[in-house]
Amino acid sequence: MIEIRGLRKSFRDNVVLADVSLSVEAGSVTCLIGPSGSGKTTLLRCVNRLETIDAGILLVDGQLVGAERRRGRLVEARPGAIARSRTQTGMVFQRFNLFPHRTALENVMEGPVHVLRRPRGEVQAEAERLLERVGLAHKTDAYPQELSGGQQQRIAIARALAMQPKLLLFDEPTSALDPELVGEVLAVMKDLAAEGMTMLVVTHELGFAREAADQVVFMDGGVVVESGTPESVIGDPQQDRTRAFLSRVLA
Amino acid sequence: MIEIRGLRKSFRDNVVLADVSLSVEAGSVTCLIGPSGSGKTTLLRCVNRLETIDAGILLVDGQLVGAERRRGRLVEARPGAIARSRTQTGMVFQRFNLFPHRTALENVMEGPVHVLRRPRGEVQAEAERLLERVGLAHKTDAYPQELSGGQQQRIAIARALAMQPKLLLFDEPTSALDPELVGEVLAVMKDLAAEGMTMLVVTHELGFAREAADQVVFMDGGVVVESGTPESVIGDPQQDRTRAFLSRVLA
Amino acid sequence: PGSETGAGEAAEPVSIDAVPEAVALLPESISDAGVLRVAIPTNEPPTQFYREGTQEMTGLNPDIAALVADALGLELEVVVSNFDSIIPGLAANRFDMTVSSMTPTVERMEALDFVEYVNMGSALVVPTGNPDRIAFDALCGKRVAVLTGSYQLTVQIPDLDAACTAAGQDPLEIQQFQDTRQAISSLASDRSDVVYADGPILSYATLQNPDFEVAEENNVAPVGIGITKGTGMTEPVEAAMTAIIESPEYGSVLSAYGLESMAVTEARVNVAQ
Amino acid sequence: MMHTVGTPTQVQSTLTSLEVQPRKRWLPLLGAAVVVFIVVAGLWDVATNERFRWPVVFEYLFNPQILSGVGLTLTLTVVSMTFGILLGIVLAIMRLAKNPTISMAAGAYIWFFRGTPLLVQLIFWYNIAALYPVIALGLPFGGPSVAIGEANVLITPLTAALLGLALNEAAYMAEIIRSGIQAVDEGQRDAGRAIGMTDAKLMWRVVLPQAMRIVIPPTGNQVISMLKGTSLVSVLAISDLLYSAQIIYALNYQTIPLLLVACAWYLLLTSILTAVQGRLEVRYGRGFQPRPQRRFRRSARAAVRTGEQEDRR
Amino acid sequence: MMHTVGTPTQVQSTLTSLEVQPRKRWLPLLGAAVVVFIVVAGLWDVATNERFRWPVVFEYLFNPQILSGVGLTLTLTVVSMTFGILLGIVLAIMRLAKNPTISMAAGAYIWFFRGTPLLVQLIFWYNIAALYPVIALGLPFGGPSVAIGEANVLITPLTAALLGLALNEAAYMAEIIRSGIQAVDEGQRDAGRAIGMTDAKLMWRVVLPQAMRIVIPPTGNQVISMLKGTSLVSVLAISDLLYSAQIIYALNYQTIPLLLVACAWYLLLTSILTAVQGRLEVRYGRGFQPRPQRRFRRSARAAVRTGEQEDRR
Ligand SMILES: Nc1ncnc2c1ncn2[C@@H]1O[C@H](COP(=O)(O)OP(=O)(O)OP(=O)(O)O)[C@@H](O)[C@H]1O
Ligand SMILES: Nc1ncnc2c1ncn2[C@@H]1O[C@H](COP(=O)(O)OP(=O)(O)OP(=O)(O)O)[C@@H](O)[C@H]1O
Ligand SMILES: [Mg+2]
Ligand SMILES: [Mg+2]
């Protein structure tokens, strides 16, 4: 589903992603772990083209994303094409980023109605189904501010799902939540994984990674240090850096 | 150090604290646990008189706080007296609430210089010592926005300590932090406990409670359900409500 | 209210026949258009004011403008315009001329040609009974309200000041206002001792307001129609004005506003005051 | 005052009840009394002061000239405010653009129009013919050009007034809207882009609606200033409300009563606008809750909890 | 455009390099070119258009009457803006007070002063002698009173102008400051109270400095409006900058060049103010970082990390 080859990204002189290659199978769950500043968020944002990239091939579903080939070179895609390609990828942010001026239902309907231009009635029925699915059927008319963090994050997931994406990106979806609320969100994510949604998840919840991930990728200093099944990377890390990191998080 | 007897507090019709009695020994650490909405935050705010109370006796260090006796009745204290009594109690908030327009050092100096009116030079030397103590000597001139959550929370602790309070109140001091940053703050709190500071801590970190608390108080529905040593309340809870709550948080 | 004298109402519309000598002098562009666009300043009774409750201008200046248009065989188009935009408007060819009680001075003649059409004097207005005994020779040290940029302020005051200084007395304490009402209200609230402005306007104001009276009038001097230099309109207007002055309608317009004594005998061009 | 009082039991023994009496707040009450007194006294004085000549005020309140002035004031305000806000939005977006030339162009516009008096701008537009007798599209430096029409014909006094007011207002609105846009969290843009919004849609559906909340109060100020500022167009001999009153008192010398008539109308219009502003603040504050934030959020959480059973999965 | 292109290896085989070329953005460039062109053409046209009579402009630029007008404009702006802001702060705090009478009193003030034209207020203050010949402190409804002084002596034209401008401005500033205060997070008050601040200290040291950030841009608008709005005081026979220019052209009929002189001065003053505004925005934005928030915060975090060794305990 995602194929990344030779991805490089720097902010001014600061090389954040040095040379990342990665592939994510359709229908699989990949967890991205690593210390603060290792470039996890930046990688996710590059996949969704919220950041421009300096070099590298980025294929989503076999299609070149955010760039076009022209005379043997890669050229940044036009803004319209980038926007269109983003409709196929859903993203869930750490701080939820719900639209505060719209109700839960309106948040979910925003994309399908105003970006995909699908008929309102049809979208509404579907949005209500989605909210029900994340356990918030009774909160359709609440504003984000009136909801707990866990509820907000579940609405953010519904909003991403409403675009019927091929791929879901999660950036530390539970780290802004009180411990009591974490469970709510992880439960929804496990459901999605079970249904075969392709997901790329930045997380510190090693429990979740062990339980739900098909692949765990450990990043540090802008490169992929180690990747493999959760058992191998978390249970039996090969690299010193991975071991040092895991000991700190598990402590 | 704190003696609470028959504390009652409601917001309009919503009785948040029904009849709370509690005592905290000088030099001891008390952890307050309980489900969301049980009134933990409200209790803490009442101790610091950030909320008015409807009834009850509240003694801090043997002195009536926020109320005066007058002809056999309790009468709300004058605003000046309340402000003065707050200088003796430090409070650390869940969302840090540092002053964003002041540097770390200025945040710490604000109270001693502008409330206690102590000489600036003396205060500055002390504030620098405090920042060093929480491991942030190199961050004196940073603005809060430029610091990580864990660093912000440590500065909030230094700000509270700068008032040389007899008592420190903590409201979920680590729940807004990424897992990696929690350790930083808990370490500082353990240090304080070891030095004999009286602390009242609302927390979900049962590990911390087990390790550092002298007393654990479980609240639910505006009353104290169970209290005692960490071993008894966390290790061997007597009440069903306590057990149900602990199972959910430990899950 | 307050218009028993009839000055608040318009005089009967006046008209005269076209004057062939004047028409012959008209530049082609004007005679082709058949319209004479005249800028009339905003409201200042009795020289120009809105007929009560309408947007129609009447008063001495509009009536003179009507006579000039008749004499030139043109249709009159009155364009009401604030002073601030009359001069730029003339330059912008928004108007062909302006009839706005302008006193010709050397300085002003750098910008415009002037064809005289009536004499106007200056007057002193004081509270009724003249408690301070104000007169032209007793103005030294008094608080004198005048209008911004007025002839009184720019030409007459310096002379009065010089006289006071020569006599070893204080000069006049000048207060400038934008219009007569403000000056009069300053007099009413006892911030000024006297208002010094155009005679006709002050006479009208005292008619409306019995608390005040005209103490003295002086310095009767002609005012002119202002025309942009180089437009070829000066000569035809001069010719038209000469004919108008000789016609009986000229007198009847003046008498409608009680200004018979202000008639000029000759339409002189560009005589600086 | 704080003083050591012993154990809770000792304290309780000296009390007849544990209830805490709220303190009677004399100072605010006294202040309130003084305020009420001043207002009532002021009103009384105004109503009974003969110099205000109330009968004259009532006589002219619905005078047709005054009414047409009200109409013109409203027209000028509505039309030029509308265009001013629209152009202001464009300018604010340009001002915040990454491209430095575009940003500087907007900056120059704002600098120029905030920097020159409206009076001058009005005279300029009215007399643009003096400078450019024929309005033409074409190349400068003497290049060829196509005449569109004579300036004096194209630009009537009303056009000049609307042009002047709207262009001037746009500069002020641009600053206000800029500060509003800047206050919208960056995460909101990410969220909008992530669901595939183009920049234009993002601005229109996400950023501007949220900026509204911050933009409304100063915009209210601007609308009200504009309402009263239209009297400047009297340089173009257009009679708005205030100028209509001035025309009338120029004739009858009833200055104060006629100014009171104008005031009455302005106060009425301002009241309506203030009410509209209040409703807009509520409308665009939805989901933000300005003041009683804590209270609302908590009770909302409490409400959430009642639905906890079906909520937890 | 998106189309299936195969595996990364297939793709790579068709490429000479993995570098992504940034897209050349023609549209903004074109826009920039047009803007530059318009500005240059406009300046050229203005500089060479004879009707602007530049020699006359230069002749009057430093005319003493103009200079004294500049001085008066500045004095009026500075003094009345200062008092307006101070009173505005008081009104904003009152407006947000819990006591409904106090809040309503401030509301009434704002309503009244926003609702009446400044011209009327100026005329009122100036002519207060006509209404109340003697200013007295005393009981209304005919009660006894103590005369303070004659109105005409107490209220000079300058006093009336300052009084009118400041009181009027306060109403507008109150709304702006209110919206700024409301934008300060409630947690900030808690934090201030928790270290024992009284309400007054809290407002002064915590709330207002943070409100500044939001208050500055609309206040900039107000100051600039005031600068230009002082010409209204010419009804009181005070000559500010614009009115000084008007006095001169009333004499010599050189309207356009003198208006240009006034414009030049206003533009100069506005430029200075805009620069000051920019510096204040930076000053009070410290710790908030308006636009490039993400970038700053992250690189700050990165900087933190370099100090991680000594940092972790
Ligand atoms: N917009 C930006 N401008 C400049 N530098 C940036 C920007 N975004 C990220 N960085 C830098 O890139 C590096 C990686 O940041 P990134 O947010 O991807 O890390 P992360 O692995 O997600 O860390 P965390 O766990 O703290 O979220 C950091 O050093 C940061 O300073
Ligand atoms: N200012 C307020 N106004 C009205 N109701 C309030 C207010 N503050 C708290 N409450 C209510 O009081 C109850 C207890 O709130 P409190 O914040 O003390 O709970 P808590 O135990 O701290 O919960 P949490 O773990 O979610 O922080 C809640 O039901 C809440 O709705
Ligand atoms: Mg990250
Ligand atoms: Mg709480």
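**Salt bridges and burial in the model**

Modeller: Both D:R189 and D:E186 are buried (under 20% relative accessible area; exposed is over 50%, partly exposed in between, with a 1.4 Å probe and protein chains only). This is a predicted model, where local features need pLDDT of at least 70, side-chain atom pairs count only at pLDDT 80 or more, and totals for chains, interfaces and linings use all residues. Residues are numbered from 1 along each chain as its sequence is written, chains are lettered from A and ligands numbered from 1 in the order written, and side-chain values use heavy atoms, without hydrogens and water.

Colleague: What makes D:R189 and D:E186 a salt bridge?

Modeller: The term needs a side-chain nitrogen of Lys or Arg within 4 Å of a carboxyl oxygen of Asp or Glu. For D:R189 and D:E186 the N to O distance is 3.5 Å, so the pair qualifies.

Colleague: Which parts does the pair A:D61 and A:K166 tie together?

Modeller: The closest N and O atoms of A:D61 and A:K166 are 3.0 Å apart. A:D61 lies in the loop between β4 (55-60) and β5 (63-64), and A:K166 in the loop between α5 (149-161) and β9 (167-171), so the pair joins parts 105 residues apart in sequence.

How values were computed:
Helix = DSSP H or I, 4+ residues; strand = E, 2+ residues; numbered from the N terminus.
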